[in-house]
Amino acid sequence: MEVFIVSLLNGLVYGMLLFMLASGLTLILSMMGVLNFAHASAYMLGAYFAYTISLYVGFWPALIIAPILCGFVGAAIEMWGLRRVHRNGHIAELLFTFGLALIIEKGVQMGWGLLPVPYRVPALLDFPLFSIYGTNFPAYRAFMLLISGMMFGAIWLGLTRTRIGLVIQAALTHPEMVGALGHNVPRIFTLVFAAGTALAGLAGVIGGNYQVTEPAMAFTMGPIVFVVVVFGGLGSLTGCFIASILMGLIQTFAVVFDVSLADLLAKIGFIVTAKTPLAEVLTVTLPRIGALLPFLMMVLILVFRPRGLMGTRDT
Amino acid sequence: MTAIALNDVRKSFGRTEIIRGVTLNIPKGERHAIIGPNGAGKTTLFNLISGRFPISGGSITVNGQSTADLAPQEINRLGLSRSFQITSIFPRMSVFENIRCGLLWSQGYRYSFWHLLGRQKGLTEAAEALLEKLNLTARRNLLAGLLSYAEQRALEIGITIAGGADIILLDEPTAGMSHSETDYAVDLIRKVSEGKTLLMVEHDMGVVFGLADRVTVLVYGEVIASDAPAAIRGNAAVREAYLGTDQH
Amino acid sequence: MSFVRRNWLWLLAAVILLAVPFLFYDWTKGRHSGFALTLLSEIGVMAIFALSFNMLMGQAGLLSFGHAVLFGLGSYCTAHAINAVKAGTFWMPIELVPLVGGLGGLVFGYLLGWLATKQRATAFAMITMGLGELVSAAALMFMAFFGGEGGISIDRVMGTSLFGISYATPWQVYCLVLIWAFIAASLMKLQTETPLGRIANATRDNFERAQFVGYDPRIVRLMQFTLSGFFAGIAGGLYVMIYEIVTFDTLGAAKSANALLAAYIGGAGGFFGPILGTIVVVLLQSGVSLISSAWLLYVGVLFIVMVMFAPVGLIGLIGMHTPIRRIGRLGELVVPYLRAFPAALSVMLGFVLMVELASNITIGAAQGKKFAIAGMLINTGSPVIWGIGLLGLIGGGFWLRIEARRFRRRWDALIEDAKRQGVVV
């Protein structure tokens with residue numbers, strides 16, 4: 001039971017982190033049709049920026065400055081890169097962001113080295129908040145929940161209460177209509193791209209010291225965010241939210257239960273030995289399958305239900 | 001013999017019913033035009049007949065066969081071919097290759113990867129004969145995307161008829177053309193639809209009355225009249241619903 | 001004679017490729033350079049792989065992020081076949097062993113393609129990415145077939161040659177790779193001229209139109225995918241022959257990305273583009289990686305520059321000169337090119353210098369490496385050297401802009417002239 005509650009909380013923390021990344025990507029993919037490979041790179045940049053800034057002025061200013069820097073990087077990418085490539089179609093845009101992700105990863109290696117950097121949780125939050133059945137729950141995770149919850153609220157208010165938010169909402173489901181309504185489409189695109197990147201940067205700031213800040217973090221996070229976006233469905237932030245939380249829970253719980261099919265079969269009296277057909281499949285433990293699960297889900301969803309959980313159209 | 005038979009065909013998008021019970025029989029060899037004000041559902045009707053959208057109710061038969069659950073390519077293989085309102089060609093292939101692609105299936109090549117196209121004399125000759133008919137021989141090796149608008153429209157008609165379908169659906173074949181271009185297109189359509197069933201959506205009344213044997217008037221998803229051109233011109237209901245408000 | 005006239009380009013390439021290893025021949029010892037031969041063999045294999053990738057991207061408009069799966073599975077199949085022949089399970093001439101890889105690629109191409117080709121465009125790209133990750137993860141789970149982290153090792157000296165060749169030396173393997181590369185490349189070229197090849201173009205341009213001329217785009221995609229798997233598998237089979245080992249990273253995303261980079265940099269529009277791109281990428285990968293750890297960064301920057309400024313690729317850039325050559329005025333571009341060259345060189349050197357400095361500070365220093373140019377040790381922290389790099393990059397950038405504008409005017413005038421003479425429309 002205690003494992004269950006702690007895992008539930010951890011899953012929630014991870015899920016909210018995923019949502020901060022995936023919400024921006026959903027906005028960008030739904031409105032602009034760009035499958036942004038560099039999105040997870042912004043997550044990584046956020047973590048590295050925050051690390052460097054916190055060396056000089058501490059964690060709290062970094063929490064504000066790093067996402068803003070990421071936002072500027074995003075705006076620059078959109079205005080000087082994507083817009084130029086746009087006329088060559090979506091595949092060209094996708095390739096552009098793919099190349100960008102490659103360069104950013106190498107650039108981070110050049111700038112900060114191949115090894116993980118010691119980006120740590122601020123001392124102020126480095127204590128166990130409470131403990132359930134002897135397992136500590138770190139205060140920093142509660143802080144992450146708080147930040148991501150506030151971001152969720154801010155996105156929601158921004159989209160439902162502001163004029164530009166309403167335009168963005170319309171563009172989510174009917175991207176071709178926005179131009180027809182006389183709005184400045186390029187500026188909205190830049191804004192959404194910059195905001196999405198800043199959000200990913202913020203996720204990096206609070207996620208970098210929760211996980212590990214290293215050059216490979218973008219390439220491990222990237223596909224998982226894609227899965228969440230596909231799972232949630234194009235054009236639906238609600239779907240994206242549900243998918244993020246589900247994915248967070250799935251991944252957390254899969255790590256906790258160290259069982260395999262063979263163990264389950266043993267319970268009903270069937271012992272798997274090396275000679276059993278498919279022994280290798282049966283003895284794979286759940287944590288190892290858990291790492292594969294996102295990709296399996298992505299393939300299956302795209303093949304059999306391309307509009308995802310709550311999408312308004314096919315991916 | 002009936003080429004296309006629509007029986008109480010319905011189509012809804014969400015809660016809006018766009019096609020509201022259309023029944024129409026088009027005999028073989030007839031040149032038939034569908035007219036109607038904007039938003040009447042003419043293009044939607046084309047999309048239903050050609051299998052681009054599934055129907056919500058009723059039934060459609062093409063050359064005596066029901067098209068329920070058939071994919072567009074399967075309907076095409078029943079002998080029905082169509083053009084699009086917005087020019088639909090293969091822009092990054094040459095004009096000649098566009099026509100040849102239109103011919104491939106009907107000449108039995110299917111998905112072959114063991115025939116070399118350069119060696120298929122009959123195929124090449126057929127494609128070249130069609131290019132001649134379309135007056136596009138001079139443009140043979142140009143990328144189709146670089147043709148002028150009128151030439152692209154002609155090319156699309158070429159792709160549409162290349163497969164030898166005996167039912168041809170043309171969606172506004174003369175839209176956006178100048179007078180001389182229209183005259184040329186009408187001649188072309190008359191030439192290529194010789195001995196075939198032709199169904200077309202058209203806004204230009206000159207074209208409609210010049211080409212069609214019979215005219216159907218579609219208003220808000222319903223057929224209000226279907227008759228010979230002369231009778232349609234005299235039909236009071238049509239005048240009121242259509243010609244009176246949207247004179248061409 | 002007409003065969004020679006029609007295929008002179010292929011014959012010329014064959015002669016050059018057979019001659020190139022002798023540039024690196026060690027005449028004193030009477031031996032080929034193993035490094036050069038391995039590099040050339042790698043180019044041959046990766047060229048087949050990039051061409052098979054382009055059967056999807058260039059020909060059918062399908063962007064795959066998991067193409068290496070078919071390459072790698074081809075490798076594994078070949079490795080197992082070689083080991084089985086060695087163990088005496090069955091007999092097979094060594095020259096035909098890459099075909100096993102091809103068949104493996106064909107079968108897995110059909111199976112995986114059955115899933116992937118249900119979609120097109122972005123969704124297709126994402127499915128192939130997912131499949132790529134799944135298969136490379138599975139490679140670490142199933143020891144029997146994939147051999148875990150250690151992979152599967154083989155001994156290519158099988159003694160079953162049809163011609164009594166041992167394949168103990170890299171030269172013999174290189175010749176085998178060349179022959180297969182020519183067979184595969186010409187088959188792929190011929191495939192573009194078949195009904196399926198053309199209809200693949202048609203579905204790329206306008207899949208709906210293809211439906212309305214009687215074709216099922218899904219089947220076109222699936223067949224194209226399967227055939228491309230066949231050629232990727234052959235490349236994988238040859239890969240095992242060169243290195244005598246296959247590990248799970250032959251299946252991985254990095255390998256898939258290599259094909260994408262090569263095909264795009266070379267130019268996906270023309271048939272020969274991917275070959276050109278492969279030469280560039282492999283040379284950067286194997287040559288530059290000896291002296292710099294930043295080769296992938298250079299490839300990435302080259303890729304981005306191509307995507308932004310020259311989506312037609314290197315082959316397309318070369319092709320753009322055709323009308324000017326036809327009117328016989330190519331010579332007039334020599335001076336503008338020569339003028340732009342030092343500016344471009346300055347930008348490039350400035351950029352490379354700064355990247356190398358940074359890389360030495362963060363990565364090289366940790367490995368105890370010193371930074372030296374032409375034997376001179378350089379203090380990587382010195383502001384002077386950084387200033388030189390920055391000046392080269394930014395100053396050269398402005399200079400290049402001016403020259404590029406001048407070049408552009410000349411170019412436009414020549415193209416205008418070509419238009420007047422009716423060479424281009």
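The text below takes the strand and then the interface.

The model is predicted, so that local features need pLDDT of at least 70 and side-chain atom pairs count only at pLDDT 80 or more, while totals for chains, interfaces and linings use all residues. Residues are numbered from 1 along each chain as its sequence is written, and chains are lettered from A and ligands numbered from 1 in the order in which they are written.

Strand β3 of chain B covers residues 31–35, and five of its five residues are buried; helices (H or I, at least four residues) and strands (E, at least two) are DSSP runs, numbered from the N terminus. A residue is buried if 20 or more other C-beta atoms, placed from the backbone, lie within 10 Å of its own. Burial applies to both faces of β3(B), with B:Arg31, B:Ala33 and B:Ile35 on one side and B:His32 and B:Ile34 on the other. Two strands pair if DSSP finds at least two bridges between them, and the two pairings of β3(B) are as follows.

| Partner strand in chain B | Bridges to β3(B) | Direction |
|---|---|---|
| β8 (residues 197–201) | four bridges | parallel |
| β9 (residues 214–219) | four bridges | parallel |

B:Ile34 stands opposite B:Val201 in β8(B), whereas B:His32 faces B:Arg214 in β9(B).

Turning to the interface, 26 residues of chain C are in contact with 33 residues of chain B, contact being C-beta atoms, placed from the backbone, within 7 Å. On the side of chain C that touches chain B, the elements giving two or more residues are α8 (170–191), α9 (195–211) and α10 (217–243) of chain C, and the largest share, 12 residues, comes from α9(C).

Definitions and conventions
Buried ≥ 20, exposed ≤ 12 C-beta atoms within 10 Å, placed from the backbone. Contact = placed C-beta atoms within 7 Å.
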